[in-house]
Amino acid sequence: MANTVPPEQRGRNPAGAHPPADPGNAVREHTVRDHPGRPGHILKSHPALDHSGRGHTALKRVVQDADALTLSLSAQLSAVRPVGRAAEAHRLTEHLSAAAGAGGTVLLRGPAGVGKSCLLDDVLGGAARNWHVLRLTGDVLDEARRVPFRTLASLTAAAPGARSASSGEPAAAVRLVAEGQRHDDVHLAAARLFRLLREERPTVVVLDDPAYADPDTLALIGHLTRTPARHPLVVAAATRVPRDAPVGAFGALLAREEGRQRLHTTDLGNLDTDGTALLLTQALGTPPAPALAAHAHTRGGGNPFFVLQTLLDLAEHRRLERRGGAWHLVGGPTPLSPDRRRQILQRALGGTVSSMRVARAAALLRVVALTRLDLLARVSRLSSRATESAFDSLVRHGVLRAVAPGTYGFASEVVRDALYEDLGPAARRCGHRTAADWLLRLAPAADLQEDIAAHVAQTADHGDARAIEILAGEAGRAFSRTPGAAVPWYRKAVDITPPDHPDHAELVTRLTLSLLVAGHPEEAARTGGTAPGGVAGANRLSSLVIGALTEHGAVGEARALVDEARAAAPGHLVLTAQAALLHLMTGRTREATALAAEADARLERAPLRDRITALGYLVPLHCMTDGYRSLEPLAIRLRDAAAEAPASLRLNALSTLSYLHSMRGDTHACAGSLAEADALLADCGWHFFRGSLVAARVHNAVQTGDWSTGHAHIVMAARQMRESGSLVHLGPLRLSEATLHAHQGNWRAARQAADAIARTQPLLNTAAVVAHSVVDLMQGDLDSGRRRLTERLGEGNLPDHLRARLLVRLAEIEAEAGCPEAVTGLLAAARDHGMDSHDYTGFTEARLAHGHATGDTAALLEAASVAERHDLSFLKAKAHLYLGTAGVDAERHLRSALDVFHRLGALPWRRRAGVELRRRNLKVPRHRASSPAELTATETQIARYVQLGRSNREIAQALSLSVKTVERHLSRVYAKTDCRSRLQLVRALDGGLLGERPAGPGRPGDAGQGPR
């Protein structure tokens, strides 16, 4: 039903003007006039609702006191101003102005809850300040009883102030006469009232829900519109019928006005995503996180009333949390409260009993095809004619909308959920069983299977063989589309399958696989590991659980399980390959090498799937032990096997190759593999490989000098990995993050990233040592870096190639310390442990260390050539720096290095290049300062973090800034980009605001002088 709250309760000040925009830190007050038991209660908004960060500490009290937060939002539900309605308000104002000239009717149409009355009051409060405004409200019960002049008895002056003083008493008199229902007296009193008012100024009669107004009142209003007077009479009606002319007395009134060309119509639709975000900001006082805005928009369908009801439901169930200046969605879905369901259904429907029954049946079916109206009638237990009439009414009133040709669904998810939950468990079960039986009698068709399975899942009994078959079949079809969609089907099938059923083990295995490849390794390990009888004897299930534990980072547990599984199946290729890699990751290099040789001997005779899966484990192992010289033949074997394999196996191969190409420094091959893998990932949805792909993407971005993109990917991927439990690639990501921050002079952030690297396995411990040694090098603390690396090299469980990388890193420190003899010895040892020219990154770093320590310009030129050929941007800049420092065409090389370091935001290196230029009395180029319309490096990085949905507090922690500093930078970003909100900024960034090669994101460091 339309909003019938008097205008004085809709958030206006006594003068009728709108309240000013919230200044941010001000404490707002909301008057709750109609709350049960709390008349006239004043609720002050909690400080956590302001725009500053000061309310963050007090947020816990607000979240814990759900009643207070719900009360605040309930107050704003009736006081919220229309948002995102500028075009409709302008059109409505024009229509009212046109009608004011010679009289007429202004019709505002839209679904229930869309804000018709609020918008009409808003426009009248601004454009019609010198008009008399009176309100009439139709009522569905009065319309059903056909009580004469009951609508006229609701006549009130619609706004306080001077213009209502002359109309208040006459309107009250008309109400009293209308109660008596004597036609002559009513006509006389109403004619006297409107003659009096129209002598003074134009008069507007606002009709709320005119379809429910009694015919006598409508006939009287129609008569008065034809009565001549000094000033016109305008009828402004807000009706929820979105299409087709209304019938009855109101339809006749509109038809006559249209025939006289005095009807002006404005349609009011649902809000778009931006409008929903603005509405939530107005209701909460603080911008919502993008995920919360998207959830509320989807649930409410963009309908303001249902969006706010969704927000109230979240507040009641404590699913709103304020972090870093924005409100976030937390927790899992919960059923609507009875009070919430009542309010939603009263506003959405409010029609006949048959409409409610058909709406409930449609909610149970979720979508209704016109070819299945017989099923809708069967579930609603109505005749076909009554069902069709009620269905058409729901469509006309905007409750149902077309979602495909000939198919209708609910315009708002929250309305559908309210109807479904209102059915009750017994009615739901009966309805699902009726629907399943009806659909099973139809001829088999692919589009029926999912509908049948959905209804069967709600009614299946434990051990029901037919239900198990139906659910397993639908799970298999869903898995072929996207593995994540198969999880609920397999889970339900497992739940109703007895442990002694012959299909139980296979269903558990498929559920484990679905969870694993959908990106939920922890749950996959738990599901497979708790299967009856364990997993040691089931090779496929064992391999899946071991892979899940490895992906989750539980390497020790995975190694123990793989040893147990191999004891039960000693010749299984995949288990042997898994065991080899897990032994390497836990520091057992000798055992890993022996197992790898055993797996290599079985590769050619293995089935295609096992061969590709085993190579996915063996390729990184061989490269860590033998070096990258063995990569090419292994890569050829892997590509040849994948060429004849399905998409998921090709994705497995490409993820492995992408990661290894990135670590090797073959950036072009890595980019090609990533492009192929991305296309496959979009098609098959196997998110299990997403971790290795994003690690490769980050490392490739670091190598090519796209550091801003690298930072953005790290933030996004780290959050996704923590949420999904895919932790095995988190260590390499943190290593890349620490390296970037160190080279940009962000010492504190670099140390934090290095400390965040898990220490659950020796290889990750080595990554943490490497990360800290890079920071030591950049800060000039060479003794600390030397000590860290020497201690790690003293351990005997390192793979050869990893040891070679550490030796090169130590050689860099010795080169900075000016010890050429030590550098020469370390690099010779690195070659003995597998460092070769096939490792482009390691080889270039080794040549740079040698040339920098000894002054060997040939080595530096060779390093520059390799870096240029493989687009190793940062290493190429270092080669230019060292060449210029050695006096080889100093000005050209130093200027080239300075330009690259400036673009990367590598401030310590940029300072070093500038020092070398000044030492030679060469001019240091001054890079053009950013114009007001351009973003600085820090502003660019903050904008990227906003694009990823990070709060101000999270951005501050990532960049080692204060929250206030981030807010100041963000305000400048808004000014420069002409964006008014975070959501608009995100959309601009998604549209290419910063271009393909944004400036480096580094924050100028203020500690240390960088490398000496």
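**Close-up views of a predicted model**

**View 1. L279 in helix 10.** L279 is found in helix 10 (residues 273–284); helices (H or I, at least four residues) and strands (E, at least two) are DSSP runs, numbered from the N terminus. The model is predicted, so local features need pLDDT of at least 70 and side-chain atom pairs count only at pLDDT 80 or more, whereas totals for chains, interfaces and linings use all residues. Residues are numbered from 1 along each chain as its sequence is written, and side-chain values use heavy atoms, with hydrogens and water left out. L279 counts as buried because its relative accessibility is 2%; buried means under 20% relative accessible area, exposed over 50%, and partly exposed in between (1.4 Å probe, protein chains only).

**View 2. The whole chain.** The chain has 48 helices and 13 strands. Of its 1012 residues, 55% are buried. Contact means heavy atoms within 4.5 Å. Among the contacts between residues at least 6 apart in sequence, 68% join residues at least 24 apart.

**View 3. The crossing of helix 11 and helix 17.** The axes of helix 11 (residues 290–300) and helix 17 (residues 413–422) come within 5 Å of each other and cross at roughly 60°. Helix 11 is therefore oblique to helix 17. Axes are lines fitted to C-alpha atoms, for helices over the stretch in contact, and angles run from 0 to 180 degrees between N-to-C directions. Angles under 35 degrees count as roughly parallel, over 145 as roughly antiparallel, 65 to 115 as roughly perpendicular and the rest as oblique. T298, R299 and G300 of helix 11 make the contact with E413, V414 and D417 of helix 17. These contact residues comprise one nonpolar, two polar and three charged; Ala, Val, Leu, Ile, Met, Phe, Trp, Tyr, Cys and Pro count as nonpolar, Asp, Glu, Lys and Arg as charged, and the others, Gly among them, as polar.

**View 4. A sheet with the strand order 11-13-12.** The sheet is open, has three strands and is paired in the antiparallel sense; two strands pair if DSSP finds at least two bridges between them. Strand 11 (367–369) and strand 12 (400–404) are the edge strands, each pairing on one side only. Neighbouring strands of this sheet are turned by 35° against each other on average, direction ignored. Three bridges link strand 11 and strand 13 (residues 407–410), which pair in the antiparallel sense, and T407 in strand 13 is the bridge partner of A369. Helix 14 (residues 353–365) lies across strand 11 and strand 13, running at about 100° to strand 11. Helix 16 (residues 384–396) also packs on the sheet, where it touches strand 11, strand 12 and strand 13, and its direction makes about 90° with that of strand 12.

**View 5. The hairpin of strand 9 and strand 10.** Strand 9 (residues 320–323) and strand 10 (residues 326–329) run antiparallel and are joined by four bridges. Among the bridge partners, W327 in strand 10 faces R322, and H328 in strand 10 is the partner of E321. Two residues lie between the strands, and G324 in the turn has a positive phi of about 60°. In strand 9, L320 and R322 form a covered face, and E321 and R323 an uncovered one. R318, in the loop between helix 12 (304–316) and strand 9, has a positive phi of about 55° although it is not a glycine. R318 is partly exposed, with a relative accessible area of 45%.

**View 6. Nonpolar cores.** A nonpolar core is a set of buried Ala, Val, Leu, Ile, Met, Phe, Trp, Tyr and Cys residues joined through side-chain atoms within 4.5 Å. The largest core has 197 residues, of which L376, F391, V415, L651 and F901 touch the most other members. Helix 26 (residues 573–585) gives the most to this core, with ten residues. Neighbours within four places in sequence aside, L376 is in contact with V358, A361, A362, L365, V368, T387 and F391. Another core, of 29 residues, lies apart from the largest one and includes L107, L134, V174 and L218.

**View 7. Helix 19 and its surroundings.** L448, I452, A453, H455, V456, A457 and T459 are buried in helix 19 (residues 446–459). The buried residues of helix 19 pack against helix 14, helix 18 (425–440), helix 20 (465–481) and helix 21 (483–495).
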